[in-house]
Amino acid sequence: MSPRIDVTHHGAAAAGGPLLFLERTRGVSLGEWVVVRQPGIADRRGQVIDAGEHATVVQLLDETVGLAPDRAEIILTGEVATTVVGRELLGRAFDGHGAPVDGLPAPVGEALRPIDGAPINPVRRARPRDFIETGISAIDAMNTLVRGQKLPIFSGPGLPGLEIAARIVEWARAPRHEPFAVVFAAVGITARETRDFLDRVRASGALPRTVLYLNQASHPAVERLHAPRLALTAAEHLAYECGLHVLVVIADMTHYCEALREIATAREEIPGRRGYPGYMYTDLASLYERAGIIQGKPGSITQIPILTMPDDDVTHPIPDLTGYITEGQIVLSRELHRRGVTPPIDVLPSLSRLMSGGIGEGRTRPEHREWSDQLYASYARGREARSMAAIVGESGLPAGDRRALAFAESFEQTFINQSGRRTIDETFAVGWQLLHTLPSDDLTRLSAATLAAHGTAS
């Protein structure tokens, strides 16, 4: 189909903040790019956020200072949002609109793709079977991330969700040295966080295998909706055309949902739960379901969306809907953070639903399942003992509960708490060292063969 000819409107019917309202518009597409032209000032960019025959709403992406909407030419270009993709993007940093922010020229790329890609057809999905080593023991050992999985991190206000995102971008590896890349989309972060993140990724040496899309809180709300889609479009080309295994990290999805609500309010849509649009589940699914492995295609896309739960409320619509779509969750603990445990991952409410398919012989260790089950069981007993000790005192606990209490303390301080990257072998070494402090009678989740192979305290 041939592209539509530009349609020019002379002056907006009304304006409100960054929004322009046009009347008598036909053949306009949602997401269509707009150019606003006025003599004496630079052209302004805009995008259609609501399209109709009688009225169309355009959100401006640039400054509105000096702009007189009633005298400006508003040009509907007929083009929807696209982005350049290709290996050339590795090592580059862009804003939420896809413009370079690293001082280098815009990339030529290998192709131009629309950013509103489709979710993967369920019947063409291949079963995820291999794990991705994040370098974080609480994830690799207890809630293993499997290639092709979408595993969100539930953070809270003041908790280091962005710090964990930075660690994963720096530390993540494919375990058998397969071609691997990370695409990171920052959504609604501050200018200081943007600078710190760029400096940190450069200093770590991870930049050559990384593509960064950095949307700041000061940028227009519609760009917060673009940044994850730009990242996923770049990742799809790297995975399914170039054969790379790509990890997409998006932080913070709460800012994305807030932008969705802001734009829905501007459209005067009927609000759903807590003011969010009723289609938020569908919108989130259109992002999350772009992760996976496609039969017959090389490469894969694994996704870690990070979100901040308002008031630490796991029933809030953002974590609630995310949990329905994704395959588990990693939960951060305010109590562990207060006690200086880093990263403060609470392994008990965390869950990786695909973990069993990515661990075991030929992938991690043959005893991985029963070993992690034992760590869970011993730690859970220690947490219960800690609650009981607050009532009766530690001296009032049975001997087995006192051992479990000491184990829980050691587990948090030496296993969950870590300052540097750990390989999966180093993670197993730390875990076995902890289990060796317990007598064999307490290790009820380990088989006799595993106990004989690794030995325990008497």
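The crossing of α11 and α12 is right-handed, a label used when the near helix is turned clockwise from the far one by less than a right angle, with anticlockwise being left-handed. What you're looking at is a predicted model, where local features need pLDDT of at least 70 and side-chain atom pairs count only at pLDDT 80 or more, while totals for chains, interfaces and linings use all residues. Residues are numbered from 1 along each chain as its sequence is written, and side-chain values use heavy atoms, leaving out hydrogens and water.

Let's stay with the helices. They're DSSP runs of H or I with at least four residues, strands being E runs of at least two, and both are numbered from the N terminus.

| Helix pair | Angle | Axis distance |
|---|---|---|
| α11 (residues 399-416) and α12 | about 160 degrees | 10 Å |
| α10 (residues 368-392) and α12 (residues 424-435) | about 50 degrees | 11 Å |

So α11 and α12 are roughly antiparallel to each other, whereas α10 and α12 are oblique. The cut-offs are under 35 degrees for roughly parallel, over 145 for roughly antiparallel, 65 to 115 for roughly perpendicular, and oblique for the rest.

Who touches whom? Contact means heavy atoms within 4.5 Å. Phe407, Ser410, Phe411, Thr414 and Phe415 of α11 meet Thr427, Val430, Gly431, Leu434 and Leu435 of α12. That contact splits into six nonpolar, four polar and no charged residues. Here Ala, Val, Leu, Ile, Met, Phe, Trp, Tyr, Cys and Pro count as nonpolar, Asp, Glu, Lys and Arg as charged, and the others, Gly among them, as polar.

The crossing of α10 and α12 is left-handed. On the α10 side, His368, Trp371, Gln374 and Leu375 make the contact, with Thr427, Phe428, Gly431, Trp432 and Leu435 on α12.

Now for a pocket. The term means an open set of points on a 1 Å grid over the protein atoms alone, where a 1.4 Å probe fits, with protein on both sides within 12 Å along at least five of seven lines; lining residues have an atom within 4 Å of a point. The largest pocket is lined by 19 residues, and Leu30, Asp116, Leu225, Arg229 and Arg267 lie nearest its centre. Helix α4 gives the largest share of this lining, four residues. By class, the lining of the largest pocket has twelve nonpolar, three polar and four charged residues.

Definitions and conventions
Axes fitted to C-alpha atoms, helices over the stretch in contact; angles between N-to-C directions.
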